[in-house]
Amino acid sequence: MSKEWIFPEEKLDDAQLRELCTALDIPALVAKVLVHRGYRDVESVSRFINKTGAVYHSPNLMTDMDKAAEGIRRAIDCGEKITVYGDYDVDGITATALMVRVLRELGAEVDAYIPDRRSEGYGVNKAALSRLAQNGTKLVVTVDTGITAVEETLHARELGLKVIITDHHECKSDIPEAEAVVNPKRPGCPYPFKELAGVGVAFKLICALCGDTKSVMEKYGDIVALGTIADVVSLTDENRAIADYGINKMQTDPNPGLRAVLEVVGSSSKWNSCAVVSYSVAPRLNAAGRMSSAMTAVELLLCEDAARAAELALLLDEENRRRQAEESLIFEQAVDMIYKNDMFNKKALVLAKRGWHHGIIGVVASRICDRFNRSCVLISVEDGLCKSSGRSVDGVNLFDALSSCGDILEKFGGHAYAAGFSIKEENIPELDRRLNEFAAASAGSTAARVYIDAVAEADELTLETVRRTEVLCPYGAGNKTPVFGVCGLTLSEVRTLSGGKHCRLRAEKGDARIEMIAFGMGAIADEFSPGDIVDAAGELNINIYNGIERVQLVLTDIRRSYRRISDELPSREDFADIYRMIKSLPQPIFSEVGRLSSEISRRSRRRIGTEKLINALIVFDDVGIISLGRLGDTVKIELAPGMEGKKFNLAESREYIRIKAELEQLEKGGIGHEN
């Protein structure tokens with residue numbers, strides 16, 4: 001089932017592109033991306049690529065910043081013990097390590113506390129505060145958490161604890177009554193940039209304490225950048241400056257613990273530094289909080305001994321492997337649950353099971369969200385309170401959705417696209433009902449889309465050009481890795497890798513040759529053959545293998561350049577082969593369309609692509625031969641009872657006539673991509 005390709009609406013002015021390329025010595029591809037993202041003149045493009053437009057705002061613009069800094073100074077002067085209370089994700093881990101490091105430099109007696117994900121759950125809790133008070137703590141400084149800890153802050157006061165809260169999560173109506181509450185999203189806060197990560201807010205407090213942003217970044221910019229990139233906050237404004245400086249520091253003079261992790265992941269053999277942080281470094285630190293204790297990762301970032309750092313980095317690498325295995329198991333169980341419970345008409349997926357690991361369900365929720373293009377929450381069922389993590393799609397604000405369910409939740413927090421909460425088991429059915437109502441009333445699209453940043457010619461994709469696209473970095477939320485469309489390619493090779501899991505393709509256009517890799521899309525090998533003319537969309541990469549560098553397009557999607565009726569309208573023979581296949585399989589059938597297409601093509605020894613298959617299934621459903629359900633790229637097929645031996649004129653069905661008319665119209669004009 002092909003995705004909808006969305007090209008930039010604005011047509012580019014050739015003179016404008018030439019001016020930008022000449023004045024700033026950038027490739028046309030870079031200029032195209034920037035113009036489509038709103039940077040249309042030499043000055044604005046120059047500020048973006050040279051990072052001169054990103055500034056560090058004064059920390060004192062943030063509400064309560066002066067109170068927070070003064071409270072910490074007073075505690076240090078009085079010799080009071082300080083505990084930094086953080087969260088167990090990478091943002092919280094980096095914020096905790098950063099704050100502890102700096103407070104120690106300032107002479108504080110300080111330790112760190114991060115709650116156990118499994119036994120304590122997210123956020124500040126009363127039992128932990130009681131233990132801290134018993135152990136002599138006088139001041140608790142929260143990082144990346146605390147903005148919803150109203151009752152917990154009152155409990156701390158009863159214990160004789162002072163609390164300073166630094167956080168970046170969405171605020172509820174009640175703000176905790178702490179010594180200071182520092183959060184740029186706090187109502188009325190005049191701080192001009194609201195998208196700092198938790199480590200970013202901690203960084204601003206440290207800048208206020210030290211009185212010098214530059215020296216803090218020189219010492220700790222890599223730690224601040226790691227948490228900022230990992231938390232998927234918008235890499236614009238101040239965050240862009242943080243990420244850019246920090247990535248450079250990771251490459252030249254990293255924190256000893258980070259250096260050990262980078263050595264484990266082999267960063268020197270990888271091209272894109274931002275991707276190394278997002279997909280290699282951050283998951284290993286996250287694994288500590290997910291699988292055992294986040295304090296292991298904090299120790300790593302506080303470590304100065306190279307041997308101990310190497311030991312900890314290997315430990316985190318092993319934890320990450322365990323996390324991957326557990327994640328695969330939960331993902332399979334969640335998908336099976338979607339099939340068995342027939343959730344194909346759901347607008348939001350609420351999945352609950354006893355024994356699911358608290359630390360893994362958020363990652364799996366993200367994968368389910370991507371797979372089925374639906375908002376999804378996974379709930380780990382336990383006696384007492386059940387813990388949950390959710391992810392969402394464009395148009396469905398998960399934080400707002402949970403806010404509308406606040407009366408049946410025990411605790412919740414997060415963002416538009418990611419959130420966590422706790423709930424009593426008996427309230428899960430009501431949550432399911434309400435979240436589905438909210439999603440149905442929202443503007444979220446159920447159609448998978450590919451957003452093209454710029455159209456490229458095959459001969460533009462040289463090593464030099466790809467390297468020069470690095471001026472667009474760092475990539476992340478608010479400045480995503482560009483997706484380039486390359487149209488009218490003739491395939492010269494299509495072959496599967498890793499036992500059919502991935503697919504490698506080679507293509508040409510004129511004298512240009514292009515190599516493409518489709519991760520997790522092995523089924524397209526049955527969809528395309530050498531000689532096909534295709535459009536490809538993907539991210540540009542440099543593949544380094546045995547010391548040889550090659551330009552590679554990492555595919556997001558691939559489609560035929562022209563839609564021919566013969567490729568998509570089922571023939572009588574196609575209907576017969578597809579029907580025989582359906583009859584031969586256990587009922588009901590749950591399958592990704594690509595896998596089913598591959599199997600039918602293999603059995604029939606003819607290519608029956610996904611579009612032809614789905615059109616056949618729609619016609620079968622229309623005349624009552626089957627019952628068809630669709631969820632993302634997955635279908636549920638069930639033969640209708642009593643149809644054996646009946647005759648149908650499929651070519652006269654309403655859906656067949658509609659599909660044929662649409663394809664005839666499309667065949668006249670092709671797909672209509674931008675040139």
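Student: How many aromatic pairs does a search of the whole structure find?
Tutor: This is a predicted model. Rings pair if their centres lie within 6.5 Å. Searching the whole structure on that basis gives a count of 11 aromatic pairs.

Student: Is the pair of Trp5 and Phe7 stacked, edge-to-face or tilted?
Tutor: The ring centres of Trp5 and Phe7 are 6.2 Å apart, with 50° between the planes. Stacked needs under 30 degrees and edge-to-face over 60.

Student: Why does the pair of Tyr579 and Phe620 count as edge-to-face?
Tutor: Edge-to-face needs planes over 60 degrees apart. The centres of Tyr579 and Phe620 lie 6.2 Å apart. The pair is edge-to-face because its planes are at 65°.

Student: Which helices hold Tyr579 and Phe620?
Tutor: The pair ties together parts that are 41 residues apart in sequence. Tyr579 lies within residues 572-584 and Phe620 within residues 610-623. Those are helices H20 and H22.

Student: Is Tyr579 buried or partly exposed?
Tutor: Buried means under 20% relative accessible area. Phe620, at 2%, is buried. Tyr579 has 21%, so Tyr579 is partly exposed.

Student: Which residues is Leu103 in contact with, leaving aside neighbours within four places in sequence?
Tutor: Leu103 belongs to the largest nonpolar core, which has 79 residues. Leu103 is one of the six that touch the most other members, along with Ile72, Ile82, Leu98, Met99 and Leu285. Its contacts are Ile72, Ile76, Ile82, Val84, Ala108, Val110 and Leu209.

Methods:
Residues are numbered from 1 along each chain as its sequence is written. This is a predicted model: local features need pLDDT of at least 70, side-chain atom pairs count only at pLDDT 80 or more; totals for chains, interfaces and linings use all residues. Side-chain values use heavy atoms; hydrogens and water are left out. A nonpolar core is a set of buried Ala, Val, Leu, Ile, Met, Phe, Trp, Tyr and Cys residues joined through side-chain atoms within 4.5 Å. Buried means under 20% relative accessible area, exposed over 50%, partly exposed in between (1.4 Å probe, protein chains only). Contact means heavy atoms within 4.5 Å. Rings of Phe, Tyr and Trp (its six-membered ring) pair if their centres lie within 6.5 Å; planes under 30 degrees apart count as stacked, over 60 as edge-to-face and the rest as tilted. Helices (H or I, at least four residues) and strands (E, at least two) are DSSP runs, numbered from the N terminus.
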